[in-house]
Amino acid sequence: MKSKFSKIIMDYFLLLLFIIPASILTLFFAFILLFMFRENPFFLQYRGITFGNNYFRMLKLKTIKNIDVNKQNHEEHTFLLTSEHYNFSRFTSFLRKTGFDELPQIFHVITGKMSFVGPRPLMPSDIQIIKEKHPVEYLIRENFTTKPGITGIWQLFGTRNSGIENLIFLEKYYEVNKSILLDLQLILITFYVILFAKNSRSSDAKMNFYKKLFSLPGSSFLSGKIISLYQANTNPQNDY
């Protein structure tokens with residue numbers, strides 16, 4: 001209960017800091033996308049931790065023109081696929097690489113559907129795959145008490161090509177170890193990722209990035225659970 005109350009306080013504190021700049025940036029990017037696409041720059045897409053845990057319609061900035069964002073994809077390995085086959089412009093690639101296409105999600109924090117830091121809300125097709133092919137992992141996610149996050153452990157450290165087991169390992173780690181200090185460290189890393197556009201899908205690229213980050217002067221603040229998480233995630237023998 002104490003942890004839940006602390007997280008609510010943290011979310012509203014961060015809202016006070018970021019709601020105005022996030023709103024300005026969202027409108028600015030939306031105007032550019034409106035000019036580029038000549039269509040609504042926003043879309044709503046079903047996302048959730050599981051079908052029964054925080055399943056809702058999420059607001060995002062559109063980076064792909066004329067696509068059915070809620071169409072079910074029944075490929076068995078949807079979660080492992082990348083979106084490299086889409087033709088992104090330089091601007092929309094920038095939005096995706098920095099994570100700015102996720103900015104409208106801050107309004108879900110206001111409504112209480114999301115938190116700044118938490119597990120990744122997945123598309124229905126990804127949730128269905130986990131439910132059918134990985135029932136143990138699905139049950140773990142079903143029992144998460146943390147709301148979906150704009151940023152989080154998997155968003156920062158994980159990659160799609162690392163598989164569902166890696167997703168569950170990272171998110172279970174956060175569920176067990178969540179705290180205000182850990183949230184602050186993850187948010188600081190998120191800003192560093194945004195500033196240097198290092199939101200790479202490659203696991204090796206991400207780990208090399210964090211290795212450099214942890215060697216920077218002043219990075220001693222990123223200690224404790226962050227360092228142990230980095231070490232655990234680079235160890236192929238880890239077991240969630």
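**Reading the model**

Author: Let us start with one helix: what covers the buried residues of H4 includes S1, H5 and H7. Please keep in mind that this is a predicted model. The buried residues of H4 are Pro124, Ser125, Asp126, Ile127, Ile129 and Ile130.

Reader: How many helices and strands are there in the protein, and in what order do the elements run?

Author: The protein has 10 helices and 4 strands. Read from the N terminus, the elements run α-β-β-α-α-β-α-α-β-α-α-α-α-α. Of its 240 residues, 45% count as buried. Among the contacts with a separation of 6 or more, 76% are accounted for by residues 24 or more positions apart.

Reader: How is the packing of two helices described?

Author: Two packed helices are described by the angle between their axes and by the distance between those axes. Consider helix H4 (residues 124-133) and H5, whose axes come within 5 Å and cross at roughly 120 degrees. H4 is therefore oblique to H5. On the H4 side, Ile127, Ile130, Lys131, Glu132 and Lys133 meet Pro135, Glu137 and Tyr138 in H5.

Reader: At what angle do H5 and H7 pack, and how far apart are their axes?

Author: Helix H5 (residues 135-142) packs with helix H7 (residues 164-177) at an angle of about 30 degrees, and their axes are 11 Å apart. Angles under 35 degrees count as roughly parallel, so H5 is roughly parallel to H7. The contact is made by Glu137, Ile140 and Arg141 from H5, together with Ile164, Glu165, Leu167, Ile168, Glu171 and Lys172 from H7. The crossing of these two helices, H5 and H7, is left-handed.

Reader: How is a pair of aromatic rings described?

Author: Such a pair is described by the distance of the ring centres and the angle of the planes. This structure holds 8 aromatic pairs. In one of them, Tyr46 and Tyr55 lie 5.5 Å centre to centre with 10 degrees between the planes, and the pair is stacked. The label follows because planes under 30 degrees apart count as stacked.

Reader: Which residues do ring pairs link into a cluster?

Author: Phe28, Phe29, Phe91, Phe94 and Phe100 are linked into a cluster by ring pairs. Another ring, that of Phe35, has Arg38 over its face, at 4.8 Å from the ring centre.

Reader: What is the phi of Arg38, and where does Arg38 lie?

Author: The general idea comes first: most residues other than glycine have a negative phi. Phi of Arg38, however, is near 60 degrees, a positive value in a residue other than glycine. Arg38 lies in the loop between H1 and strand S1 (42-47), and it is exposed, with a relative accessible area of 62%. Asn54 also has a positive phi, near 55 degrees, and is a residue other than glycine. Asn54 is found in the loop between S1 and strand S2 (56-61) and counts as partly exposed at 29% relative accessibility.

Reader: Why does Thr92 count as buried?

Author: Residues under 20% relative accessible area are buried, and Thr92 counts as buried because its relative accessibility is 1%. Thr92 lies in helix H2 (residues 90-98). Leaving aside neighbours within four places in sequence, Thr92 is in contact with Leu33, Met36, Phe37 and Thr63.

Reader: What separates the C-alpha atoms of Ile32 and Phe91?

Author: Ile32 and Phe91 are 59 residues apart along the chain, and their C-alpha atoms are separated by 9.0 Å. Ile32 lies in helix H1 (residues 2-37) and is partly exposed, with a relative accessible area of 24%.

Reader: Which residues is Ile187 in contact with, leaving aside its neighbours within four places in sequence?

Author: With those neighbours left aside, Ile187 is in contact with Leu14 and Val117. Ile187 is found in helix H8 (residues 180-196) and counts as buried at 10% relative accessibility. The C-alpha atoms of Ile187 and Gly152 are separated by 8.2 Å, although these residues are 35 residues apart along the chain.

Key
Residues are numbered from 1 along each chain as its sequence is written. This is a predicted model: local features need pLDDT of at least 70, side-chain atom pairs count only at pLDDT 80 or more; totals for chains, interfaces and linings use all residues. Side-chain values use heavy atoms; hydrogens and water are left out. Rings of Phe, Tyr and Trp (its six-membered ring) pair if their centres lie within 6.5 Å; planes under 30 degrees apart count as stacked, over 60 as edge-to-face and the rest as tilted. A charge sits over a ring if NZ of Lys or CZ of Arg is within 6 Å of the ring centre and within 35 degrees of the ring normal. Axes are lines fitted to C-alpha atoms, for helices over the stretch in contact, and angles run from 0 to 180 degrees between N-to-C directions. Angles under 35 degrees count as roughly parallel, over 145 as roughly antiparallel, 65 to 115 as roughly perpendicular and the rest as oblique. A crossing is left-handed if the near helix is turned anticlockwise from the far one by less than a right angle, and right-handed if clockwise. Contact means heavy atoms within 4.5 Å. Buried means under 20% relative accessible area, exposed over 50%, partly exposed in between (1.4 Å probe, protein chains only).
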